[in-house]
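The following report describes a single protein chain.

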Amino acid sequence: MIVLKILVIAVSVIVIAVAAAVVYGAYRWNAGTRELRARLEAARIPVEPQVVSFRELEGLPAPVQRYFRTVLKEGQPMVSSVLVQHRGTFNMSETSERWKPFTSDQRVITRRPGFDWNGRVAVMPGLSVRVHDAYVAGEGILHAALLGLFSVVNLRGTHEVAEGELMRFFAEAAWYPTALLPSQGVRWDEVDIRSARATLVDGSVAVTMLFSFNEDGTIDTVRAEARGRTVGDQIIPTPWQGRCWNYQQQDGMLVPLNGEVAWLLPEGAKPYWRGRITEIAYEFVQ
């Protein structure tokens, strides 16, 4: 009986300690999220022009013009910020298939380009990894922490990380398509009847990606020839692709609600993120 009592006490202490760690980790993580998003807000600049004008489409590659005329309307307000919520699965392994469920919310500012993806990946019952994937005032950030307390990845402050995060902002702009207009700093170059290259420059960070379009004019895939992939303690430039589908009308715009991202390895594509938007809310220029 004494041994049983000791065992019960020990288990109770462990349960209480874990519960305390979960609560404290969430508190610290949420404080960090508020700090990141305050920096996002502080970096905002005015969006000009205030409404969409198809006059600026003149001279753009044909598939790009068709895209904007498909997903936008003449005279509609420009998007200044977005709040997105997702559900999906994330592959926790670089070499095998270990898909775990995640939920996330993401704050996006279109000018100056920036975002914070705040994810929570359930690695096992009661145990989660919290992730900040962000681009804030020209800085790329990738921080993952068990329970929000114990860092397992913490990358920031390098050109490679900043470039990779600006690529993510650019690839996800199908959710906030006014950010892809030439007036927002995007240069489009013709490739063929179904694709075009786009370049975005933010300070010292410049990225160029290949946009491929569906027959209906919407974006199908966005590809980078070399995006930094974390392998151990190294960042290896690797071809990367985002794919989106299930376009729906949202506040007058046609945007995709489902997506998948993958590394394009010599042995084939290796998806690692699959998700769907469960809620999206826009702030427009007024």
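## Burial and overall form

Of the chain's 286 residues, 48% count as buried, where buried means under 20% relative accessible area, exposed over 50%, and partly exposed in between (1.4 Å probe, protein chains only). This is a predicted model, in which local features need pLDDT of at least 70 and side-chain atom pairs count only at pLDDT 80 or more, while totals for chains, interfaces and linings use all residues. Residues are numbered from 1 along each chain as its sequence is written, and side-chain values use heavy atoms, with hydrogens and water left out.

The C-alpha trace spans about 85 × 45 × 35 Å along its principal axes.

## Secondary structure and surface

There are 3 helices and 13 strands in the chain. These are DSSP runs numbered from the N terminus (helices: H or I, at least four residues; strands: E, at least two). Among contacts with a separation of 6 or more, 53% join residues 24 or more positions apart, contact meaning heavy atoms within 4.5 Å.

## Nonpolar cores

The largest nonpolar core has 66 residues, and those with the most contacts inside it are Phe 68, Trp 188, Phe 211 and Ile 219. Strand S12 (residues 253-265) provides the largest share of this core, 7 residues. Such a core is a set of buried Ala, Val, Leu, Ile, Met, Phe, Trp, Tyr and Cys residues joined through side-chain atoms within 4.5 Å. A second, separate core of 6 residues includes Leu 36, Leu 40, Ile 109 and Ala 134.

Leaving aside neighbours within four places in sequence, the contacts of Phe 211 include Trp 188 and Ile 219, as well as Phe 170, Leu 180 and Arg 194.

## An exposed and a buried site

Glu 215 is found in the loop between strand S9 (205-213) and strand S10 (219-231) and is exposed, with a relative accessible area of 61%. Not counting residues up to four places away in sequence, Glu 215 touches Arg 66 and Arg 194. Glu 215 and Arg 66 are separated by 149 residues in sequence and by 10.0 Å in space, C-alpha to C-alpha.

Thr 238, in strand S11 (residues 234-250), is buried at 4% relative accessible area. Beyond four places in sequence, the residues touched by Thr 238 include Ala 224, Ala 226, Trp 263 and Leu 265.

## Backbone geometry

Most residues other than glycine have a negative phi, and most peptide bonds are trans. The bond from Glu 48 to Pro 49 is cis, with omega near 0°; Pro 49 lies in the loop between helix H1 (2-42) and helix H2 (62-71). The bond from Arg 111 to Arg 112 is also cis, with omega near -20°, and Arg 112 is in the loop between strand S2 (99-109) and strand S3 (114-124).

Leu 147 is not a glycine, yet has a positive phi of about 60°. This leucine, Leu 147, is in the loop between strand S5 (139-146) and strand S6 (150-156) and counts as buried at 11% relative accessibility. Asn 246 likewise has a positive phi of about 60°, but lies in strand S11 and counts as partly exposed at 33% relative accessibility.
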